[in-house]
Amino acid sequence: MELTNTEKRVAPVARPSWPAPFVATLAFAYEAWFFCMAGRSGAASIGGMIWAAFCATLFALIALRGRPDPARRIFFSVSALAFIPAFVAQLVEARGRMALTGAEIAASQLPFCHIALTTSLLPAAFFRTLDFPSQLIGTRASFYPMLTYWLLSLVTVGRGWCSWVCFYGGIEDGLSALPRRARLDLGNRGPGFRRINAAVLAFVALAGLGTLVPVYCDWLCPFKLVTEYAEPATLRSYLALIIFIGLFLGLVVVLPLLSKRRTQCSILCPFGALQSLLDRLSPFRVAVDASACVSCGACDKACPMIALNAETRAAGGAASSCVKCGSCFSACPKGAIGYATRWTKVGRFSATLLARRLREKGGLPRRLASALIEAAAALLSPALLFPFTAMTFGMIISTGFSSETIARLVKLILTGSFALGGGR
Amino acid sequence: MMHKPIILAVGDIIAKALLLAAALGVPIFFANSSYIANGIGRLLRLEVEPSLSGGITLAEFADPLGDDDGSGKLEYPLGGGISRGELDIVRYAVRAPVSRPVWGETGAYWQLELSFAKAVSTGLAGGGFRAPAIHIYIGIDGTSSGSIESAFGEGELVRFDPKHPWNYVVSADGWSPKAAIRSADASYRAPVESDWDIARRRVTLRIGLAKAPRLLASLLAGRRTWHYVMVGAYDGARAGRFAAVREFAGPHEGGGAADELCPRVFDLIAPAGARQESELASEDSGRGELALVLPVEAEGAAGLKAKPSAVPRARESLVAEAAREEARAKVQAKDAREREARASSSASDKDKIGTFFELGLDDRALAAANAALARNARNFVALAYRGAIVARSAMEAKTLGEKMRLVARGYDDLDAAVAVAKAEGAIAALDKIAVFLCRASVSSAVPNDVFERAAQGASDFAAAGALAASEGDKALEARCLEGAALAFEKAGLGEEAQARWATLAAKEGLPAATRLELMDKGFTP
């Protein structure tokens, strides 16, 4: 039996029907409560409670509206903003300053972040050596835990990490959304940016292998300014500091404000390039229903990663740099873009077809079966499951520092002190 | 013609089931991520690039806890900010010199590390005027020159082994950040980078080798060294900064000195076969002879490569001994029924609950704990056991939510029990130990990524160990030290764990399994 054109045009963004969003929201609230409250006491438990409620509310908005933004963007930007004060306050409390010294490096006590994986994977594989002075295990910011999070991300969110989980990306994502319109048009730079990004990854990975030095962290990381940096003492360290400031202001602040694009994530970040390279392992993708698309180009303009253009739309999706943020869903006037399963073609087949056939056949048992199938299909739809997966990932990763920042703010309001001291 | 939609729908459902697996996999993964990360760690066994982390460890020396009393009688100076334990070295490590550090600003350097039993006071951190003073005298293999006298006049009031004269001395103190190195003939002096890490109770000394004289720089070739490591109380008015010791302690001097030649050393690293007490009590005031101190030897990187290791054979025999011990323990476990019968008829709630708990009879232990709590709600021992049983029951729970709920409920009881045990003064040490161990065993078992309790578990083990030591129960103290070390490792506090392993290695009569663990970690029990 051939499917009709109407049947093929199953829009991937169809809003999940009742009761799927409610069930998913309840499940999310349940896990948010546990992950944000587990093991916390005192001020930290208040922070955890507020963070859990905040995340659950935003997820409810995503589930009920059937599109991620603006709730995702709020979650992502707030978690990035919450990361900085918690991280810096911890550094200042532990060592009295943000700047590193040689002794701290030699003690292997630097926090390990996911971007450093790009420089560390090859030396670890070939020499069984970690080319970064961090702990191997213990806190989340050590090598083995970060490696496991990354492996998990590959088979779940893929490059969606960059719009739901990364605690740096939120700064740029929030800033790129601030201006009403772009003053700098980078719309046709997508392929070029992707090539540069892949080259940065190759350089960082091979330089790490060749020198056993985390070159990216040493010279190119724009986020040193909001985390930690080597104490400026020599010409070399001053030069590195100038590069950090330049990259942060240029790629993370100014260009996103001018162009409404995430320039650092598109051009520089080697972890993003690595996620793009391996995104095929993720079961989720962003799909364009080519038969419903009217080629208005609204999604191209809305995409912060310049991952959409006529060519990718015709091929039924976005370029490999797509971060699965869902900004394009809201922009599409036809609702032709949405999350889809990696291994099925949009509109090719669906459990909803079976449900419709059963309903058309008539009879109470068939109608009941049809309703059940539709409810299950809605609950299992990528439109609901991807935000659920990605936001769970992001929430758990950010819970520690977000709830800590909230707890510190609560303490600041109540006692005038930002210091937390033994909240956990 | 329903079959095609059915086939398509089944395919769709399979695809969506994979999505569901991804969605549910994330929270399940995170609830178990510390186990997964540990597993990956055991599989990969990576090491941080030595040139980034201070160089490979050439030698590591454990020093017993609580021996910061010199020859056995020294007392700390009165007043000031220093307290017992702050002059107590528990570990000394010698790293291999790093010729080309690949990150950071320093040129070639050599790193020495000391760990203390308690947070070291430093003037910079506002720890008060009193602080530790450290002298490390270093002899370099193959040199005929050197000295066997102190570099600081009276200094420490010790003499050095004539077989191993020293060539360089490193001096550091917690009052000023200016550590320094000087040669025996005083022709070379240079600053040393010193890092006093109060949180980790560790002092790191980095000696620059880039512009050092030829003899010192020759360490880069991997030469063997001898180290006299001594700690005294800081006194800024004296040469060498070691405070005097007299019969009675005063504001500027330690007490407990047997005579005027009593060494001013509160703790030192003694070589294998020697004892600190006898070394520091070897002075002869009648003949005017100072106490003789002996160095510890650190093999150079070159020698370490050349030396055939005797470890595999020793390890094999330890494995066999551990297996025999395990077999003996199994035989002893057969008396479990007898113990159960004795506990059932016991009038003591604590005996009853404790024995049932140890035998794994959780239902009976829980019933006994509840009955005891019904009689006295402040029975903190029963509360602690109940908490541990409830948390342990999480292992049997089917859902993640149920597991977490049970652990959280267990902690309610455990935290309350520890709070009572800490608040009430007149409590038997054994009861306190039971309470600390209950919480420690739960904290070291639950995933640290979720509950972040491993560090607390380690502290509980350490507290129980200290109480066991005060009760003279050496076997329990050793078990607690091992538990603390493992929990610190789980919490990522490797330095703390190392200090506990080092202390454990200095203990005698350890079970073979523990000695095996120590051997695998590079310690010689």
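Me: What makes the set with Cys55(A), Val170(B), Ala384(B), Tyr385(B), Val435(B) and Ala464(B) the largest nonpolar core?
Reply: This core has 274 residues, and those six have the most contacts inside it. A nonpolar core is a set of buried Ala, Val, Leu, Ile, Met, Phe, Trp, Tyr and Cys residues joined through C-beta atoms within 7 Å. Helix α20 of chain A, residues 382-415, gives the most to this core, with 14 residues. The model is predicted: local features need pLDDT of at least 70, side-chain atom pairs count only at pLDDT 80 or more, and totals for chains, interfaces and linings use all residues. Residues are numbered from 1 along each chain as its sequence is written, while chains are lettered from A and ligands numbered from 1 in the order in which they are written.

Me: Why is α20(A) called mostly covered?
Reply: Of its 34 residues, 28 are buried. Buried means 20 or more other C-beta atoms within 10 Å of a residue's own, with C-beta atoms placed from the backbone.

Me: How do you know that the span of α20(A) agrees with its 34 residues?
Reply: At 1.5 Å a residue, α20(A) should span 50 Å. Its end C-alpha atoms are 46 Å apart, which agrees. The expected span is 1.5 Å times one less than the number of residues.

Me: Where does α20(A) bend?
Reply: At Thr399(A), by about 60°. The bend is the angle between axes fitted to the seven residues ending there and the seven starting there.

Me: What follows α20(A)?
Reply: Gly416(A) does, with a positive phi near 80°.

Me: How much of chain B is buried?
Reply: Of its 525 residues, 50% count as buried.

Note on methods. Buried ≥ 20, exposed ≤ 12 C-beta atoms within 10 Å, placed from the backbone. Helix = DSSP H or I, 4+ residues; strand = E, 2+ residues; numbered from the N terminus.
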